[in-house]
Amino acid sequence: MVFFPHRHLLGIKGLTEQDITYLLDKADEAVKISRQREKKTSTLRGLTQINLFFEASTRTQASFELAGKRLGADVMNMSVGNSSVKKGETLIDTAMTLNAMRPDVLVLRHSSAGAAALLAQKVACSVVNAGDGQHEHPTQALLDALTIRRAKGKLSRIIVAICGDVLHSRVARSNILLLNAMGARVRVVAPSTLLPSGIRDMSVEVFHSMEEGLKDADVVMMLRLQRERMAGAFVPSVREYFHFFGLDAEKLKAAKEDALVMHPGPMNRGVEIASEVADGPQSVIEQQVEMGVAVRMAVMETLLVSQNQGERA
Amino acid sequence: MSPATPNPALPTTTVLKNVRIIDPSRRLDETGTIIIGEDGRILAAGSDAQNQGVPDGATVRDCRGLVATPGLVDARVYLGEPGAEHRETIESASRAAAAGGITSFIMMPDTDPVLDDIALVEFVQKTARDKAVVNVHPAAALTKGLAGIEMTEIGLLQRSGAVAFTNGRHGLNDTLLLRRAMTYAREFDAVISLELREKYLGNGVMNEGLFASWLGLSGVPKEAEIIPLERDLRIAGLTRAKYHAAKISVAESAEAIRVARARGVNATCGVSINHLSLNENDIGEYRTFFKLSPPLRSEDDRVAMADAVADGTIDIIVSSHDPQDVDTKRLPFGDAEDGAIGLETMLAAALRLHHDSRVPLMRLIDAMSTRPAHVFGLDAGTLKPGAKADITLIDLDEPWIVAKDMLLSRSKNTPFEDARFSGRAVATYVGGRCVYSL
């Protein structure tokens, strides 16, 4: 029986509560594997996974690579720096070339929104979106959800405050979709210049003050502010941004006492988050990294197994 | 759908009888006869024309159930010749135009090299004379290389046949240059036709709003169109030049045109057929054939554009035919070029507005024939006796489905692939000669 009726993971959009729960349950099992001394299984033995990264990302790429290897797949990494993409070959040409090598799953990171959807139309294998422009980053939202669920026991009716550069954040979009699908209450806290047009229709409560936005929150999810957006373009300065929107111990007091502090990494300490909080007792930032591997194992196993069953059907 | 083989026979008289004649230049809508003389001009068109009798040896076509209109005039067409002939040539575009019922079009100067010099304008005219099956009129660049820095030889270009001056796909950012160009153009009574996209605010890839936000695509707010439009209208008022806003897309722009006209500004405007037929939701999952400039707007704006055509605020409808290849379209949405082809589907898409009773048929034909001919001073847009016999024969209800393979354009980037239409051109006459027949 196929529990997960999707061939690709292009975004959280289109996933039901059941789909998400299925993946999170699977990921819980994968956590156990990663905590064993013998971490390698044979679930995906003989299958090929290609990580196609058009944007540098050490952490996400490493996480996907480990996930594949722990499932027993053969993993190949391709990043832009060493490929012909810089010589003008398009995403599609690269994809067709790789497709001809008959991989079973392509993991794509690309700077353009919609790149994963485009790729999925053109290749014969499963596609996992590892971040496409400012669109979605579904495995990040899943690992965040897994981290929260393990700490709080549930996702429904908890209050999650997503703080910072929502405008440019694919992490924020995927999290808003996922948390709403699971019945959480989602808030966004940011200066208006860092919020997308139409945010009030995205099923979130909008705040422009950390004190109000964090009040009684169960989870405080900080977003990274890209360096080029700090000085003048979207906010006047790092100093001013940190003063109003940087998470420090003082601002965190507004949230519930046992509120979780999360960050997708890499962090800008002293810009969006103070070290005292990032390294403090409420921080689950390291757990997020651990859950990342588990979630990616769950996703790839689910896609490849359901795909194989689809072929047999 | 295949191009009619050119009729090499000696000129004869052609008679179209039992045809419903819609001629906006005379506010005429009646059933009658059209007689085309051997010289390719209209001898008579109307209910009284049959009284003149049919000359001996005339070709007679019974057009019962069909509508005859002045040949359609498309005032905004981008081509690939010279420079990108793999996308579209003057000849291939002319055949696509004929299949769409279009008998005259104005070609934009966005070619390689840019049409900013009389030699290039003459090249276009010569190529059109030799190869095109419809009338092709060049619009010249308003600034050299479309760079927006120096004005071109407006007087000489006009004399060599340029019917309008435009900065093509590019906006014009230098307001002082705009003022000087408009002041200078006024002395030649030349039309300045501009697209509207503020350089900084208009730097996105689709309509700003909730849909763009979910897709993670950067938005183009409507203000990026309204601000340059308001500016242009002010400069047009100041210089008393003939100004044409090439493609508006939001309700507030139509309002700005209304207000400026009330102030006495000599302004006209157009809308692309895409903005009358489609909205931002058609982009779906990043479909790049729907990436246009201006971007497709909301459904409210689409309806407002149709209403503005109906009440005459928007003067003309254009195809904004813009052939693009896989190398410019098969890319992530934000990286793809703007533009869609439209010569072969403009009429059919416009007829939807007639079938929906949103725009009267007379006004639709006016907006695609008589009015653009008038705005750009072309010898077209009328079925008056003595006029050149450019005629489009239309079946208002013929059902058809757009199939990519059947398109005559060299590029296939149509946003209407697999669209179901009611109505199309069944024959197209240019100078009395049948250049297309279904």
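Predicted model: local features only at pLDDT ≥ 70, side-chain atom pairs only at ≥ 80, totals over all residues.
Close-up 1. B:S293 touches B:R197, B:K247 and B:D338, where touching means heavy atoms within 4.5 Å and residues up to four places away in sequence are not counted. B:S293 sits in the loop between helix 8 (273–277) and helix 9 (299–310) of chain B, and with a relative accessible area of 19% it is buried (under 20%; exposed is over 50%, partly exposed in between; 1.4 Å probe, protein chains only). The side chains of B:S293 and B:R197 are joined by a polar contact of 2.9 Å (a pair of N or O atoms within 3.5 Å, one able to donate a hydrogen and the other to accept it).

**Close-up 2. A salt bridge between A:K13 and B:E285.** The closest N and O atoms of this pair are 3.6 Å apart, a salt bridge being a side-chain nitrogen of Lys or Arg within 4 Å of a carboxyl oxygen of Asp or Glu. A:K13 lies in the segment before helix 1 (17–35) of chain A and B:E285 in the loop between helix 8 and helix 9 of chain B, so the pair joins two chains. A:K13 is exposed at 57%, whereas B:E285 is partly exposed at 39%.

**Close-up 3. A:E55 with A:R170.** Their side chains form a salt bridge of 3.1 Å, N to O. A:R170 belongs to helix 6 (residues 170–181) of chain A and A:E55 to the loop between strand 1 and helix 2, so the pair ties together parts 115 residues apart in sequence.

Residues are numbered from 1 along each chain, and chains are lettered from A in the order in which they are written. Local features need pLDDT of at least 70 and side-chain atom pairs pLDDT 80 or more, with side-chain values using heavy atoms.

How values were computed. Helix = DSSP H or I, 4+ residues; strand = E, 2+ residues; numbered from the N terminus.
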